[in-house]
Each structure stands twice: as C-alpha cells, then as structure tokens.
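Thanks for coming, everyone. Please have a look at the sequence and the model on the screen, and then I'll walk you through a few places in it.

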Amino acid sequence: MSFTHSEADPQTLTQNVRVQYERFPFPPLALGALEQVKPPQADGAFAHWYIHGRLPKRPLRILDAGCGTGFSTLKLAEANPDAEITAVDLSQASLEIARARLTSAGHLHRVKLLRADLQALPKLGTFDYLHSSGVIHHLPDPAAGLKALRSALAAEGVAYLMVYAAYARKEILAVQQILYSLWKNPEDWNEGLMLCRTFFRGLPEGHLLKRHYQRAIAVATEMMGAEAAASDAFLVDTWLQRCEHLWTQPEWFALLSQCGWQPRRWLDEQAWNLADYLPGLPDYLQTLSQTEQLALIDQLRPPQNFALYVTSHFDPTSVAGQQARVRVRSQDIPVPFGFVSLQENLLDNGRGIRLELTEQTRRVWLNIKGQKSWAELNEPGPDLSGFWQQLLDYGFVALKN
Ligand SMILES: C[S@@+](CC[C@H](N)C(=O)[O-])C[C@H]1O[C@@H](n2cnc3c(N)ncnc32)[C@H](O)[C@@H]1O
C-alpha cells in the first residue's frame with residue numbers, strides 16, 4: 001500500500017519529499033535534548049552480537065541513512081565511541097541542524113555529513129553497521145534505496161531498518177486521505193497545517209480518529225517532549241507526508257528478499273510470539289508454518305512499526321539467536337551493553353525485558369565493568385549460573401573477545 005499526494009513520477013515525488021524536509025526538518029529536537037535516551041539500535045557492537053553472536057572488530061564503519069536532524073547520528077556516535085560515521089540525508093536544512101548537534105556534543109570530527117538521495121547513493125565504501133530509521137517508506141522507489149544500501153554493506157555487516165507497518169497506521173492513513181482530499185493547494189503548507197489542526201480540534205470527543213490523535217500526541221510527548229509533539233514538524237511528519245509506503249509483514253519481507261536482504265531478528269522480539277496472542281488455540285498453532293505465524297502476529301501484536309535487523313545473506317553457521325549456542329564459561333569476561341539501565345532493582349535491556357535483581361545480583365551487576373571474569377564476579381552464596389545465562393540470553397552483556 002502506498003500513499004502520495006499526487007500521482008507524480010519518482011523524481012518529482014523525491015523532490016516533493018525534499019521540499020517537505022527542507023521546510024520541516026525532523027526530528028524537531030533542540031540541541032542537547034533527550035540526553036538520557038540510549039536506544040539499543042544505536043549500538044553497532046550490540047547489533048553484531050545480536051545477529052552473529054560475537055562482538056565485531058573495531059573501529060566500526062557506520063552509515064546513518066536518512067539521518068534527519070542528526071539525533072539518530074548523535075546516538076550512534078555516543079554508543080560507538082571509536083566508530084567512523086557517515087550520515088546521509090536528502091535535506092540540507094536537516095543536515096545543518098545535524099552538524100550543529102554533533103558539533104555541540106563534540107563528535108563532528110568522526111562524522112561525515114553528506115547530502116544525497118538514498119535511491120542513487122554515491123559510492124561511499126562499505127559499512128559494518130547500517131542504520132536507517134523512518135526513511136525507506138518515504139522513498140518513491142524503496143527498492144532502489146534498499147538495493148543501494150545493500151551494496152554499501154560490508155561482508156558480515158548488519159543493518160537495522162525501521163519502516164512503517166500497515167496495521168500500525170490504519171488511523172493515520174485514514175486521516176491522511178481525508179486531509180489530502182480537502183487540501184486545495186499542496187504547495188501551501190500553512191493551509192495543510194491549518195486543515196490538520198482544525199480537523200482534529202473539530203472532531204467530536206471520543207471519535208476513533210480523535211482518540212488515536214490524542215494517543216499519538218501523548219506518546220510523542222513522552223518520547224520527544226511537549227514542544228516537539230506540538231510542533232508543525234511533528235504534524236507534517238505524521239499526517240501530511242508527501243510520500244509514504246505502508247507494508248504488511250509478508251510484503252516487507254518479500255521486498256527485502258527481492259533487494260538482496262535477509263531478515264534476521266526483530267528488535268522487539270518478545271512481541272513476536274504467536275502463543276501470547278492465541279493462548280487458547282495451542283492445537284491450531286502447531287499446524288501453522290513459521291511464515292503463517294509471522295503474518296498472523298503482524299495483525300495481532302500492538303501497533304508498532306517494523307524494527308528489524310537484516311543481513312545480506314543467511315549464514316547458518318553464525319549464531320542467530322545466540323541463546324541456543326553461547327554458554328557461560330567461568331573464564332569469560334562479560335561486558336555490559338551501554339543502553340542497559342538499572343532502576344532500583346530492575347535491570348532493563350531496552351527491548352522489553354526486565355530482570356528483577358536480588359540484593360546479591362544487584363551488587364554483582366554493579367561490578368560488571370568488562371574486567372573481571374564470571375568466576376571472579378561470583379560471590380559466595382546462592383548459585384548465580386541462572387543469572388549469568390539470563391544476562392547473556394537477553395542481551396544485557398556480551399563476552400569480551
Ligand atoms: C522521519 S525522518 C527520520 C530521521 C532520523 N533517521 C531519525 O530517526 O530521527 C526521515 C528523513 O529521511 C530523509 N529522506 C527522505 N527521503 C530521502 C532520500 N530519498 N534520500 C535520503 N534521505 C531521505 C528526510 O529528509 C528526513 O530527514
């Protein structure tokens with residue numbers, strides 16, 4: 001399913017997308033905003049660990065494809081302190097904000113910023129970690145973008161792609177179609193914004209689309225702050241997009257495969273277990289193939305976009321789901337991933353798994369600094385082997401190479 005405000009050719013549409021992001025750079029975040037946020041997908045070493053079961057050789061070469069105002073680039077720079085980063089975007093205005101953001105955080109010396117169209121990416125060399133969040137669905141020709149990115153992936157490289165899921169955006173699509181049928185002059189952004197605000201204000205309380213809007217604003221406020229959630233840029237990005245594709249899971253996987261990509265693991269893996277949604281039908285579940293299960297989960301899971309790690313080809317000898325293979329050995333040295341957070345006695349892996357710590361395991365966690373082996377960290381008292389295995393299985397720690 002795709003949605004554009006006109007039936008223009010890909011070049012004109014790309015130009016329209018550019019005009020939009022020149023005028024409304026995204027995300028509309030002040031420099032220094034959301035310092036405490038540590039997205040797991042920003043960590044390239046984690047991505048390699050998650051997919052290959054081992055930490056990558058460093059320094060990593062990282063591409064942020066469609067970097068916007070550089071918030072994602074900043075998080076990549078923070079999570080990968082010795083990486084060389086290239087950040088590409090169609091919008092010069094966005095790149096200027098990205099430059100200021102990276103300069104003020106002291107990372108610009110190892111970040112190259114480049115204006116380019118992902119559908120016709122210039123030769124930039126290859127990258128060990130490729131990050132693209134919220135971008136591919138805005139390309140008039142997403143296959144061209146996906147193929148260009150595929151050519152920029154190093155052997156053993158990993159990519160993280162976040163794109164729009166059709167079932168998560170039914171209400172947004174409905175509003176976009178209504179607004180586009182009312183919007184007389186698509187060049188006139190003030191008209192579009194006026195229509196959008198007046199439309200939501202006028203909808204009766206309790207209306208499905210109004211409730212959805214209120215929820216979207218509340219979520220954006222929590223994630224980006226009140227100012228960004230109330231901004232023109234947020235309204236435009238959500239309800240007045242120039243070009244947008246929405247995919248179901250089978251459509252998304254088919255497109256990836258056509259472009260030389262192999263889906264590997266979801267970021268939000270715990271949301272992709274069919275038995276959690278159909279617990280009353282165990283006999284039926286057993287008859288379904290994995291492909292059928294994925295398609296059903298797509299319709300049943302909470303309305304989230306696709307946050308997926310992909311590689312160029314599936315290498316069955318590498319460890320996809322390191323749970324099955326990596327075993328705790330006493331001489332191994334655990335290294336905590338930087339985005340894991342501890343609040344009181346709850347350890348959060350940033351991907352939906354929380355471990356409740358005892359007094360003993362809390363003390364031990366605070367000692368894991370990538371220097372001591374499991375054996376040295378062991379305390380007299382209850383056996384910790386189950387705790388060590390959980391830390392590995394759920395990606396709280398990696399093992400030092
Ligand atoms: C929603 S923003 C996402 C920004 C950033 N990745 C993030 O997660 O904060 C989408 C970005 O994609 C960029 N973009 C859209 N089409 C593009 C294209 N063909 N080539 C490069 N960048 C593009 C836009 O300019 C915009 O900055």
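Let's begin with L34, which is buried at a relative accessible area of 18%; buried means under 20% relative accessible area, exposed means over 50%, and partly exposed is in between, with a 1.4 Å probe and protein chains only. L34 sits in the loop between α1 and α2. Helices (H or I, at least four residues) and strands (E, at least two) are DSSP runs, numbered from the N terminus. L34 is not a glycine, yet its phi is positive, at about 50°.

A word on the model itself: it is predicted, so local features need pLDDT of at least 70 and side-chain atom pairs count only at pLDDT 80 or more, while totals for chains, interfaces and linings use all residues. Residues are numbered from 1 along each chain as its sequence is written, and side-chain values use heavy atoms, with hydrogens and water left out.

Where else is phi positive in a residue other than glycine? E156 has a phi near 70°. E156 belongs to strand β6, residues 153-163, and counts as partly exposed, at 41% relative accessibility.

Back to the loop between α1 (10-23) and α2, where we also find F24. F24 is buried, with a relative accessible area of 7%. F24 and V236 are 212 residues apart in sequence, but 7.4 Å apart in space, C-alpha to C-alpha. P27 is in the loop between α1 and α2 too, and a cis peptide bond with omega of about -5° joins F26 and P27. Another cis bond runs from R58 to P59, with omega near 0°; P59 is in the loop between α2 and β2 (61-65).

Now the inside. A nonpolar core here is a set of buried Ala, Val, Leu, Ile, Met, Phe, Trp, Tyr and Cys residues joined through side-chain atoms within 4.5 Å. The largest one has 50 residues, and Y309, W365, W388 and L391 touch the most other members. Helix α2 (residues 44-52) supplies the largest share of this core, six residues. Domain 1 (2-167 + 244-311) and domain 2 (327-399) both contribute residues, so the core lies between them; the domain bounds come from an automatic or database domain assignment. Apart from it there is another core, of 40 residues, including V135, L139, A271 and L278.

On to the second largest pocket. A pocket is an open set of points on a 1 Å grid over the protein atoms alone, where a 1.4 Å probe fits, with protein on both sides within 12 Å along at least five of seven lines; lining residues have an atom within 4 Å of a point. This pocket is lined by 25 residues, and D43, A45, A79, P81 and G338 lie nearest its centre. Two elements give two or more residues to that lining, α3 (71-79) and β10 (334-336), and α3 gives the most, with three. Domain 1 and domain 2 each provide at least three lining residues.

Finally, how many disulfides are there? Zero, in a search of the whole structure, where a disulfide is a pair of cysteine sulfur atoms within 2.5 Å. The sulfur of C67 is 18 Å from the closest cysteine sulfur, in C243, which is too far for a bond. C243 is in no disulfide either, as the nearest cysteine sulfur, that of C259, is 15 Å away. C67 is buried at 2% relative accessible area, and C243 is buried at 1%.
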